[in-house]
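This report describes selected features of one protein model. The sequence and structure are shown first.

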Amino acid sequence: MAGLLALSRTIDRVNEFIGKWVSWLILISILVSAANAIIRKVFDTSSNAWLELQWYLFGAAFMLAAAYTLKQNDHIRIDIVYGMFPRRVQHWIDLLGHLFFLMPFVTLMVIYFVPYVSLSFRSGEMSNNSGGLIIWPAKAILLVGFFLLALQGISEIIKKIAIMRGDMDDPNPFISAHEQAELEAKALADEAKALAGEVRS
């Protein structure tokens with residue numbers, strides 16, 4: 001198990017590094033969008049390449065950060081039923097979900113996208129829009145994103161098994177929406193009391 005946990009930590013570090021850095025692509029996308037709008041208004045000219053570059057950047061940020069989001073346990077989930085179970089049952093739900101839903105899906109996506117990207121690259125596929133960009137980098141981003149998500153799925157399965165065996169602590173203890181709201185309300189109340197104390201003094 002020690003070797004598998006070392007593999008899991010390596011995957012986590014790689015996806016954390018990528019996830020944090022690709023967040024800058026959102027800023028770059030905003031700057032490209034702003035520059036495109038200014039050039040269009042001031043000089044009455046534009047290009048589809050600018051618009052497609054925005055889509056590429058946003059898509060890259062979304063796909064390449066998906067694995068990091070899974071690592072942080074920040075994907076949207078409906079916990080109405082999930083939150084009713086004890087933590088050990090929740091671990092089983094997570095483990096089975098990763099094994100029977102996440103992993104088959106991402107594996108199929110990787111298998112599907114390899115020839116899809118390869119064909120696009122070999123043919124030099126271009127956008128149908130006038131002045132548009134080449135297509136294969138966008139498709140390659142999809143492939144890399146699903147590959148990283150598959151790796152993170154393996155890491156999460158390893159960690160779930162280790163947690164259930166007692167080999168490691170739970171890095172993401174579950175907090176229901178109600179408990180989260182209570183914690184946030186308490187934090188706000190404590191902050192207000194501290195601020196009031198500073199005003200009095």
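## Aromatic pairs

Being four residues apart in helix α5, Tyr 112 and Tyr 116 are separated by about one helical turn. Helices (H or I, at least four residues) are DSSP runs, numbered from the N terminus. Tyr 116 is partly exposed, its relative accessible area being 32%; buried means under 20%, exposed over 50% and partly exposed in between (1.4 Å probe, protein chains only).

The structure holds seven aromatic pairs, where rings of Phe, Tyr and Trp (its six-membered ring) pair if their centres lie within 6.5 Å, with planes under 30 degrees apart counted as stacked, over 60 as edge-to-face and the rest as tilted. Phe 105 and Phe 146 form an edge-to-face pair, at 5.7 Å centre to centre and 80° between the planes. Phe 105 lies in helix α5 and Phe 146 in helix α6, so this pair ties together parts that are 41 residues apart in sequence. Phe 146 is buried at 11% relative accessible area, whereas Phe 105 is partly exposed at 42%. Tyr 112 and Tyr 116 form a stacked pair, with 5.6 Å centre to centre and 25° between the planes. Phe 105, Tyr 112, Phe 113, Tyr 116 and Phe 146 form one aromatic cluster.

## Helix α3

Helix α3 (residues 48-64) has 17 residues. Its buried residues include Ala 49, Tyr 56, Leu 57 and Leu 64.

## Basis of the model

The model is predicted: local features need pLDDT of at least 70 and side-chain atom pairs pLDDT 80 or more, while totals for chains, interfaces and linings use all residues. Residues are numbered from 1 along each chain as its sequence is written, and side-chain values use heavy atoms, leaving out hydrogens and water.

Terms used: Helix = DSSP H or I, 4+ residues; strand = E, 2+ residues; numbered from the N terminus. Expected span 1.5 Å × (residues − 1).
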